[in-house]
Amino acid sequence: METLAGLTVQEFEELCAADDLERWRARPILQWIHRRGATSFEGMTDLSKETRAALAAKHRIFSTTVRERRASPDGTTKLLIGLEDGDVVETVLIPEADRRTICISTQVGCPVRCRFCASGLNGLRRNLGAAEIAEQVLHVKRELEPHLTSVVVMGIGEPLLNYANLTKALRIMKASWGMGIGYNRITLSTVGVLDKIDRLVEDGVTPNLAISLHAPNDEIRREIVPTMAKVRVIDLIKAGRAYKEATRKNVTFEYVLLDGVNDDRKHALELGKKVRGTKMKVNVIPYNRVEETGFRAPSKERLDRFVEALGGCGVPIMVRKQKGDEVSAACGQLRARWTEPVPTEHA
Ligand code: SF4
């Protein structure tokens, strides 16, 4: 049984042909799913009864369900998405002024295991399929907000370590037969899987990019992102520059500010020296608490001093507001849940 939410129009056309259904039907049926909020074949009222029955006998629309919804007083809402095998991932809607942003997950757990992040605490369970990634957007559109302004791929998992399923889901989001969310409205966050950043350009899947630096030098980065020890800060900056030149998309550097680790004035100056002149923004993210990690957020004074020193280097900066902390939906707080003990793995 195929899950239609995870198919491209070409794939579905092939299935239609194999099922003795006209190929042209693939496009409007996918539009029912991605644009018109259909959750059952029954609801596709312009199809004959026989066609609806034939489709329902062979296919399904979704493979996931919304298990639970938790809303924070600031409006941030987290959906727990139940997967077929019993695992759960999290998807978050972040409303802010006139913007409606959804943050989606790409893996169950994460092999990168950044030391400050809840998502990687238990390592990787498995990759999400293209349908499981795309369906998160469809669930949010249907249950919470039909008019999304942007999608950020910053939830659980390192997206570029699930390259094939991720790029297929992004194509589904962008397509005219799909959700119609252009790549300029999608931002992909990566901790720095360099060969796959190049591959995005080659494959023409070109969302905005947020590269997680988190440190001004390789020594500190190795401490907090130990599994990516081979990737140098300077190469991440170069990769960002090359991607920006090739795609003309926005590229930002993410920097999670950890008290006493990477938040000193000297760290800001070291970072500023490396980033200035690239015209790329640094997105400073004061740490959101995760009990088990032992890291703390910097004080307001340390945050201000860091931002001032970095800004003084001529680097454009944005400080991310904390949203969704009350329901553990803030950046770095999302968790994948599963019922059995999980083997610990490293990338
Ligand atoms: S910050 Fe991102 S890459 Fe690092 S462990 Fe968390 S989800 Fe994985």
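Trainee: Is G178 buried or exposed in this predicted model?
Mentor: First locate G178: the loop between α5 (163-174) and β10 (186-190) holds this residue. Next comes the count, which is 23 C-beta neighbours inside 10 Å. The cut-off for burial is 20 or more. Therefore G178 counts as buried.

Trainee: Which residues is G178 in contact with, leaving aside its neighbours within four places in sequence?
Mentor: G178 and L7 are 171 residues apart in sequence, and 9.7 Å apart in space, C-alpha to C-alpha. For contacts, the cut-off is 7 Å between C-beta atoms. With the neighbours within four places left aside, the contacts of G178 are L30, H34, I172 and M173.

Trainee: Which residues of α2 are buried?
Mentor: Helix α2 covers residues 26-34. Its buried residues have cover that includes α1 (9-18) and α4 (130-143). The buried residues of α2 are A26, I29, L30, W32, I33 and H34.

Trainee: How many residues does α2 give to the side of domain 1 that touches domain 2?
Mentor: Start with the division: domain 1 spans 2-60 and domain 2 spans 65-327. Across the boundary, 11 residues of domain 1 are in contact with 16 residues of domain 2. Helix α2 supplies the largest share of the domain 1 side, and that share is 4 residues.

Trainee: Which strands stand at the edges of the open sheet?
Mentor: Read the order of its 10 strands: β3-β4-β5-β6-β9-β10-β11-β12-β13-β14. Pairing in this sheet is mixed. Each edge strand has a single partner, so one side is left without a neighbour in the sheet. The edge strands are β3 (65-71) and β14.

Trainee: What is the average twist from one strand to the next?
Mentor: The sheet is open and has 10 strands. Go from one strand to the next and take the average twist, which is 20 degrees.

Trainee: How many residues lie between β5 and β6 in their hairpin?
Mentor: Strand β5 (residues 88-96) and strand β6 (residues 99-103) run antiparallel, with 5 bridges. E96 has R99 as its bridge partner in β6. A97 in the turn has a positive phi of about 45 degrees. The number of residues between the strands is 2.

Trainee: Do β6 and β9 run parallel or antiparallel?
Mentor: Strands of a sheet pair through backbone hydrogen bonds, in either sense. T101 stands opposite S150 in β9. With 3 bridges between them, β6 and strand β9 (residues 150-153) run parallel.

Trainee: What angle does α8 make with β11?
Mentor: β12 (residues 251-257) and β13 (residues 281-286) pair in the parallel sense over 6 bridges. Helix α8 (residues 233-247) packs on the sheet and touches β11 (208-212) and β12. The direction of α8 makes an angle with that of β11 of about 175 degrees.

Trainee: Which residues are closest to the ligand?
Mentor: The shell has 12 residues. By class, 6 are nonpolar, 4 polar and 2 charged. The closest are C110, V112, C114, C117 and G120.

Notes
Residues numbered from 1 in each chain as written. Predicted model: local features only at pLDDT ≥ 70, side-chain atom pairs only at ≥ 80, totals over all residues. Pairing = 2+ DSSP bridges. Axes fitted to C-alpha atoms, helices over the stretch in contact; angles between N-to-C directions. Contact = placed C-beta atoms within 7 Å. Near = placed C-beta within 6 Å. Nonpolar A, V, L, I, M, F, W, Y, C, P; charged D, E, K, R; others polar. Domains from an automatic or database assignment. Buried ≥ 20, exposed ≤ 12 C-beta atoms within 10 Å, placed from the backbone.
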